[in-house]
Amino acid sequence: MSEKRAIPEHVAIIMDGNGRWAKQQGKERYEGHIAGVESVRAVVRAAARNGVKWLTLYAFSTENWGRPAAEVEAIMELFCKSVMGECDDLKRQGVKVRIIGERTHFSERVLTMIDHIESYTEGGERLTLVLAFNYSSRREMVLAMQSIAQRVQLGELKVEAIDDDVVADSLMTRGMPDPDMIIRTSGECRLSNFLLWQASYAEFYFPEVLWPDFTEEEFDKALEVFARRDRRYGLVTDEN
Ligand code: IPE
Ligand code: IPE
Ligand code: MG
């Protein structure tokens, strides 16, 4: 009997390369972001089909506010349009959407869309799709430290009681398992302020393909790579 292939419970993706894809096609950068939405659809389908329970997508970093205003505006517009266009389909597929990141700097419309997609898909049980939107891992950790310090100051928490679980429960990802695999497309090999605490034992995969070219087959390929990895967690296993 063949052994069952290991499937990651949580896959996180840094969706990178939209701008370069657009340039290759002689298009504007925002057209790359639009094309990237099809890849989001594809990975949601592929994750659900493979039994992945959590899919986190890095959609907009806190640093991305520093891009030209027209590009930021186009991304915000695309987010709103995608929420309206995709919410029924997501619900039908049993996908629950959760947004992590600071709820600052957003327009009222974007805030309304965030609330809408989260409440509309609340009952989804097949897959949780987490969108990191206005997300910064360092900021997330600073906020966690502030809240822990406050609880200590109020006498609710003893300093000695601060452990991994207390920290994890103070992050925006509370209640989520750590990512088993982190994929970054476009060949860049860095985290860019994404899930720094949570990535401790993640398997990294950096395909060259640009995000708008990332298909269901590319996701399946990533799962094959994952299944071949030997996760040791600092221990000694049969293979070594
Ligand atoms: C990723 O693609 C999308 C966001 C960061 C919002 P980029 O826009 O970073 O594409 P490149 O890296 O310039 O090609
Ligand atoms: C990281 O990509 C953020 C997202 C994919 C949303 P960037 O393109 O912004 O990162 P850098 O600037 O190359 O590190
Ligand atoms: Mg980029």
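Visitor: How far is an oxygen atom of ligand 2 from an N or O atom in the side chain of Ser192?
Guide: That distance is 2.7 Å, in a model that is predicted. It counts as a polar contact, meaning a pair of N or O atoms within 3.5 Å; within protein, one must be able to donate a hydrogen and the other to accept it, and residues adjacent in sequence count only if both atoms are side-chain atoms.

Visitor: How much of ligand 2 does the protein bury?
Guide: Ligand 2 exposes 390 Å² taken alone, and the protein buries 77% of that. Accessible areas here come from the Shrake-Rupley method with a 1.4 Å probe; for residues, only the protein chains shown count as cover.

Visitor: Which arginine side chains have an N or O atom 3.3 Å from an oxygen atom of ligand 2?
Guide: Arg67 is one of them, at 3.3 Å, and Arg184 has a side-chain N or O atom 3.3 Å from a ligand 2 oxygen. Residues around ligand 2 include Tyr58, Phe60 and Arg190. Being around a ligand means that one of the residue's heavy atoms lies within 4 Å of it.

Visitor: Okay, ligand 1 now. What does an oxygen atom of ligand 1 have 2.8 Å away?
Guide: An N or O atom in the side chain of Arg29. The side chain of Asp16 has an N or O atom 2.9 Å from an oxygen of ligand 1, while a polar backbone atom of Asn18 is 3.1 Å from a ligand 1 oxygen. On its own ligand 1 has 380 Å² of accessible area, and the protein covers 86% of it.

Visitor: Which residue's side chain does Arg29 join in a polar contact of 2.9 Å?
Guide: That's Glu71, which sits in helix 3, residues 69-92. Helices (H or I, at least four residues) and strands (E, at least two) are DSSP runs, numbered from the N terminus.

Visitor: Is Glu71 buried or exposed?
Guide: Glu71 is buried, at 8% relative accessibility. Buried means under 20% relative accessible area, exposed over 50%, partly exposed in between, with a 1.4 Å probe and protein chains only. Leaving aside residues up to four places away in sequence, Glu71 touches Arg29 and His33. Touching, or contact, means heavy atoms within 4.5 Å.

Visitor: How far apart are Val52 and Leu223?
Guide: In sequence they are 171 residues apart, and in space 9.8 Å, C-alpha to C-alpha.

Visitor: And which residues make the nonpolar surface patch?
Guide: Tyr201, Tyr233 and Leu235 make that patch of about 350 Å². Patches are made of residues with over 30% relative accessible area and no salt bridge: like charges are joined within 9 Å, nonpolar side chains (Val, Leu, Ile, Met, Phe, Trp, Tyr) within 5 Å. A salt bridge is a side-chain nitrogen of Lys or Arg within 4 Å of a carboxyl oxygen of Asp or Glu. Leu235 is exposed at 59% relative accessible area, and Tyr233 is partly exposed at 41%.

Conventions. Residues numbered from 1 in each chain as written. Chains lettered and ligands numbered in written order. Predicted model: local features only at pLDDT ≥ 70, side-chain atom pairs only at ≥ 80, totals over all residues. Heavy atoms only, no water.
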